[in-house]
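Subject: Structure handover

Hello,

Here is the structure I said I would pass on. Please open it first, and then read the notes below beside it.

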Amino acid sequence: MPAPAPAALPPEPRFDLIVNGAPARDVFLSLVSDTRYSMLVHPAVSGQLSVTLKSVTLRESLDATRDVYGFDYSIDGRRITVFPPTLQ
């Protein structure tokens, strides 16, 4: 008898992220509201973000802020940690 197929995870929800000059810490913390994730924001994360992202997943929004503002992140299970930008 074949093994049952593993249960597929539901697709990540998509949302719009539209902020103008919002504190970076507040933006990152708001990303996980109404999700199964927890967010840790490094104490050195500061500055303001201005972004308009439409129909993105949580990971896509984190990738976009990393690419533009340099905030790196790691995902460990359901815990996301955001780090301050570092010099490349």
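Apart from its neighbours within four places in sequence, Thr65 is in contact (heavy atoms within 4.5 Å) with Phe28, Leu49, Gly70 and Phe71. Thr65 is part of helix α2, residues 58–69. Helices here are DSSP runs of H or I with at least four residues, strands are runs of E with at least two, and both are numbered from the N terminus. Thr65 counts as buried because its relative accessibility is 2%; buried means under 20% relative accessible area, exposed over 50%, and partly exposed in between, with a 1.4 Å probe and protein chains only.

Before going further, note that this is a predicted model, in which local features need pLDDT of at least 70 and side-chain atom pairs count only at pLDDT 80 or more, while totals for chains, interfaces and linings use all residues. Residues are numbered from 1 along each chain as its sequence is written, and side-chain values use heavy atoms, with hydrogens and water left out.

The core. A nonpolar core is a set of buried Ala, Val, Leu, Ile, Met, Phe, Trp, Tyr and Cys residues joined through side-chain atoms within 4.5 Å. The largest one has 22 residues, and Phe28, Leu62, Ile80 and Val82 touch the most other members. At least two residues of this core come from each of β1, α1, β2, β3, α2 and β5. Leaving aside neighbours within four places in sequence, Leu62 is in contact with Phe28, Leu31, Tyr73, Ile80 and Val82. In soluble globular proteins, nonpolar side chains tend to be buried together.

The sheet. Three strands form an open sheet in the order β2-β5-β4, with mixed pairing; two strands pair if DSSP finds at least two bridges between them. β2 and β4 are at the edges with a single partner strand each, so one side of each has no neighbour in the sheet. From one strand to the next the twist averages 20 degrees. Strands β4 (residues 73–76) and β5 (residues 79–82) pair in the antiparallel sense over four bridges, and Ile75 stands opposite Ile80 in β5. The two strands form a hairpin with two residues between them, and Gly77 in the turn has a positive phi of about 65 degrees.

Helix α1 lies across β2 and β5 and runs at about 165 degrees to β2. Helix α2 lies across β4 and β5, at about 155 degrees to β4. For these angles, axes are lines fitted to C-alpha atoms, for helices over the stretch in contact, and the angles run from 0 to 180 degrees between N-to-C directions.

Arg14 and Ser55. Which residues does Arg14 contact, leaving aside its neighbours within four places in sequence? They are Ser55, Val56, Thr57 and Glu60. The side chain of Arg14 reaches the backbone oxygen of Ser55 at 2.7 Å and makes a polar contact with the side chain of Glu60 at 2.8 Å. A polar contact is a pair of N or O atoms within 3.5 Å; within protein, one must be able to donate a hydrogen and the other to accept it, and residues adjacent in sequence count only if both atoms are side-chain atoms. Arg14 is in the segment before β1 (15–23), and Ser55 is in strand β3, residues 48–56.

Most residues other than glycine have a negative phi. Ser55, not a glycine, has a positive phi of about 50 degrees.

Regards
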